[in-house]
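Please keep the viewer open as you read.

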Amino acid sequence: MYDVIIIGAGFAGLIAARELGSTGMRVLVLEARNRIGGRTWRSAQHGRDFEMGGAYVHWLQPHLWAELNRYGLRIEPGSGGEVNEVRVWSGGSLHQFDTETAYGLITEGYSAIYAADPQPEAIFPFPYDPLTHDAWRAYTHVSLADHAAPLNLTPLQRDMLFGMIEADTSAPLQHAALVEALRLRALIGSDDFAKLGEVTGTYVIEGGTQALLDSILADVRAEIRTGRAVTHIDQTNENVRITTVAGETVEGRFVVVATPLNVWANIRFTPGLSEVKQTISRQRHGGAGVKCFVRITGQVEGLLAIASAPDTFSLLTTYAVDDNRTWLLGFGATAPEALTVEWAKQAVVRLLPDAQVLDVVGHNWNTDPFALGTWAMLKPGQASALDQLVQPEGRVYFATSDIALGWRGYIDGAIEAGMRAARIIKAGA
C-alpha cells in the first residue's frame, strides 16, 4: 500500500513526486514510456541534440524560474541567431522582406488582435489566478479565427499574423479559443511582437530540458517504474487500485493523474470521471500540430519564413548551420501521419522553392498513445470548464500542464499543476 501513486513521469508528475516524497509519504510513479519527461524529450540524432517537445523558457514564468534557481541552471538563446530575411507565402506567391519591414507588419497585426474588444487586462486582471474572476468566461466560445475575421488587415498581413499565431497555437485558428491568446498576452504584459517572441520562443535551458528533469529526479524520494501503461483506476472510500496493461495491480491512498488531458478518456475510471472531464478528453484540446527539424543542403542563415496555408509550415526558421548544410526548425498547425522526407519537401517547398531536403527529425505527438496531441490549446468552449478540469474526484487528483491556470501548455504550467496537486494532498492527508 502506497500513500500516493502518480501516473506519469513528466514535469508535473515528477514535481508532485518530489513534493510528496519529501514529507515522508511512500510514493510510487508509474510511467508508460521507457523514459521520463513526457512531452519534453531531448533526443540525440545526426550528431546533434534536438528538443522534440517542449523547450522554450523565460524568466516571466515563475514556477519554472524558481526551479532553475533552485538547481543553479542557466538559460541561453535557443538557435538561429539574428533574423536577416523574412519570407511569407501569401496569395499564391512568395514575398520577401527585410526584418524591419516584416516585423512592423506583424506588430501591427498583433496590436490589432489585442486592441479589439475584449481587452486582455480587463478580462484577466489576475492572469495567474483566473478562477477568482469571471469576465473571461463570456468569451470562451469565441475562436481566434472569429475574433480576427473583422480586423482591418491586408491579405498579406493577415497571412503573416495567422502563420505566426498558428505556430504558437499548434492548431488552426478556428480550433483555438480566443481566451487562450488573451490569457497569454496578459501573462506577458505586452502586445509587442518582439516581446512575444522573446518570451515564447527564444531561450532554452543550458543542457536542455533533460538537465532540469535530472535535477528534479535527483530530489525525488519515490519508486519509479517505467514501461507501465495504466488501464484502470478503481477507487473506494479507503483506497485506489491501479491496473496496468500487463495486468499488474498496485494500491494507494491517493492517485495523481499526471498524464495529458487527451489521455484521460483511454483510462477506465471507477467510478467514472465527471461528464465534463470525459467529454473534453474525448474531444481533445486543439493542440494537434507539428514541431520538427528539417536538414537541407546549403547555408541558410537568419531565415524566418511564414505561411498560413494547408500542408505548409506555419513558421520555419534557421536552427543551425553545419558546413554546407542547414537545420531548419518548423512548426505547423496540422501534422501528417508520418514525418517523412517526402512530406517535409512538400511542407518546405513554398517557402524555400530550391531547397533539397536531406533529413527530418521529429516526433508525431498526435499519434503517440501517451500524448494524443502537442501542447495544450483549449478549443472554443472548453475553457469554461477549467474549474471542473482541475477539481479532484474523490481520491483522484489531476496534474498536467493542460489544465494549468497560468502558463497552460508550457513547462511552467506542468510545474504549477504538480505543485498544486501535491499541496492539496498534503493538506488533506
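## Surface and overall build

The protein has an accessible surface of about 16800 Å², and carbon and sulfur atoms hold 49% of that area. Such areas come from the Shrake-Rupley method with a 1.4 Å probe, and for residues only the protein chains shown count as cover. This is a predicted model, in which local features need pLDDT of at least 70 and side-chain atom pairs count only at pLDDT 80 or more, while totals for chains, interfaces and linings use all residues. Residues are numbered from 1 along each chain as its sequence is written, and side-chain values use heavy atoms, with hydrogens and water left out.

You will find 13 helices and 19 strands in the protein; these are DSSP runs numbered from the N terminus (helices H or I, at least four residues; strands E, at least two). The radius of gyration is 21 Å, close to the 22 Å from the globule rule for 429 residues, so the protein is as compact as a globular protein of that length. That radius is taken over C-alpha atoms, and the rule is 2.2 Å times the number of residues to the power 0.38. The C-alpha trace spans about 65 × 50 × 40 Å along the principal axes.

Of the 429 residues, 58% are buried (buried is under 20% relative accessible area, exposed over 50%, partly exposed in between, with a 1.4 Å probe and protein chains only). Among contacts with a separation of 6 or more, 73% join residues 24 or more positions apart; a contact means heavy atoms within 4.5 Å.

## An enclosed helix

Now look at helix α1, residues 11-21: 11 of its 11 residues are buried, so the helix is largely enclosed by the rest of the structure. The cover over these buried residues includes β1 (2-7), β2 (27-31), α2, α9, β9 (223-226) and α13 (411-428).

Helix α2 (residues 62-71) and helix α9 (residues 209-219) have axes that come within 10 Å and cross at roughly 70°. Axes are lines fitted to C-alpha atoms, for helices over the stretch in contact, and angles run from 0 to 180 degrees between N-to-C directions. The pair is therefore roughly perpendicular (65 to 115 degrees; under 35 is roughly parallel, over 145 roughly antiparallel, and the rest oblique). On the α2 side, L64, E67, L68, R70 and Y71 meet L212, S215, I216 and D219 of α9.

With α13, helix α2 packs at about 85°, the axes being 7 Å apart. P62, H63, L64 and E67 of α2 make this contact with I411, D412, I415 and E416 of α13.

## Backbone details

Most residues other than glycine have a negative phi, and most peptide bonds are trans. Here, a cis peptide bond joins D117 and P118, with omega about 5°, and P118 sits in the loop between α3 (99-115) and α4 (120-123). Another cis bond links T270 and P271, with omega about -5°. Both T270 and P271 are among the residues that Q235 touches, and Q235 itself is buried at 17% relative accessible area.

D311 has a positive phi of about 60°, and D323 has one near 50°. D311 lies in the loop between β15 (303-307) and β16 (315-322), and D323 in the loop between β16 and β17 (325-332). Each counts as exposed, D311 at 58% relative accessibility and D323 at 70%.

How values were computed. Lists of a residue's contacts leave out its neighbours within four places in sequence.
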